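Subject: Handover of a structure and the findings on it

Dear colleague,

Please find the structure for your review below. The findings follow directly after it.

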Amino acid sequence: MKGPLMRAALAEALGVFVLVFGGSAAVCADAYYRMPGLGDSGLGVLGVALAGGFGLMVAVYLSAGISGGHVNPAVTFALLLAGRCTGRQAVSYWVFQFIGAVAAGIAVWALFPVFRGMAPYLGTPMYVSEAGMPGALGMVKAIGVETVLTFVLVIVVMMTAFHPRRAAKQLFGLCIGATAVVIGLVAAKHTGGAVNPARYFGPAVVSGEVSQLLVYFAGPLLGGAVAGFVFRFLYDEPQDGGRTAE
């Protein structure tokens, strides 16, 4: 891998680093400021959702000019199924997306070392799996939640950032970030609204809390697959070189 593809993959790693660090650090900051003696007042659900949404918006704008701004393995998967990127590009992006996510997990660990071995595990998205606990979800339902939410995010990404007749050509990052904020508010007490395997993978691997990995990979990839096929159905023009970093 060299040339434009290497630069694009590195841009993906940087973008994912920004979004994973922003989302995970916000979760940790919320927990930290709720600790006794530190004011007993965290960022709250809205604060965490805004941090995640703005982090995604910045990550998209940061990388869009070089890599297309996927910054999410589920988005890359959707674009692959829709015929908007090649297999070689997709694999390269996935590798560097996960590298960026792990680097972000390490950065959050450096900032909030107390949370590596205890909740919130460096901001790892999690759902309550113990039956009888408030808000508990079964694995299938948790996968379903992530599938639906990821579909919403990915179809917004594809229709605003990749469709040639989109109206808001320079506002696509804002649209994507706003969608992430809504998802964060809706899913905060369910699955955390990861909607991105890399968002889970980075802090989970660094903290060692990977027990729910299947949910946060299967759900987003299923949602991305559905979005990819829907986009392919709606996209009624010949493929015209929309692939990036061949």
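Among contacts in the protein chain between residues at least 6 apart in sequence, 76% join residues at least 24 apart, where contact means heavy atoms within 4.5 Å. Please note that this is a predicted model, in which local features need pLDDT of at least 70 and side-chain atom pairs count only at pLDDT 80 or more, while totals for chains, interfaces and linings use all residues. Residues are numbered from 1 along each chain as its sequence is written, and side-chain values use heavy atoms, with hydrogens and water left out.

Overall form

The protein chain has eight helices and zero strands, and its pattern along the sequence reads α-α-α-α-α-α-α-α. Helices (H or I, at least four residues) and strands (E, at least two) are DSSP runs, numbered from the N terminus. The C-alpha trace spans about 60 × 35 × 30 Å along its principal axes. For 246 residues, a compact globule would have a radius of gyration near 18 Å, and the 17 Å of the protein chain agrees with this; the radius is taken over C-alpha atoms, and the globule rule is 2.2 Å times the number of residues to the power 0.38.

Surface and charge

Of the 246 residues, 49% count as buried. Buried means under 20% relative accessible area, exposed over 50%, and partly exposed in between (1.4 Å probe, protein chains only). The accessible surface of the protein chain is about 10,800 Å², with 71% of it belonging to carbon and sulfur atoms; areas come from the Shrake-Rupley method with a 1.4 Å probe, and for residues only the protein chains shown count as cover. The mean positions of the 14 positive and 10 negative charges lie 7 Å apart. Lys and Arg count as positive and Asp and Glu as negative, whereas His and the chain ends are not counted; each charge is placed at NZ of Lys, CZ of Arg, CG of Asp or CD of Glu.

Cysteines

The structure holds zero disulfides, a disulfide being a pair of cysteine sulfur atoms within 2.5 Å. C28 is buried, at a relative accessible area of 0%, and C85 also counts as buried, at 4%.

Helix α7

Nine of the eleven residues of α7 are buried, so this helix is largely enclosed by the rest of the structure. The buried residues are P197, A198, R199, Y200, G202, P203, A204, V206 and S207. Their cover includes α1 (4–32), α3 (73–81), α4 and α8.

Backbone features in the loops

Most residues other than glycine have a negative phi, and most peptide bonds are trans. The peptide bond from A119 to P120 is cis, with omega near 10 degrees; P120 is placed in the loop between α4 (87–111) and α5 (139–162). L122 also lies in the loop between α4 and α5, and has a positive phi near 60 degrees. L122 is buried, with a relative accessible area of 0%. V195, in the loop between α6 (172–187) and α7 (197–207), has a positive phi of about 45 degrees although it is not a glycine. V195 is buried at 6% relative accessible area.

L222

L222 belongs to helix α8 (residues 213–234) and is partly exposed, with a relative accessible area of 45%. Neighbours within four places in sequence aside, L222 is in contact with I143 and T147. The C-alpha atoms of L222 and H163 are separated by 21 Å, and the two residues are 59 apart along the chain.

Yours sincerely
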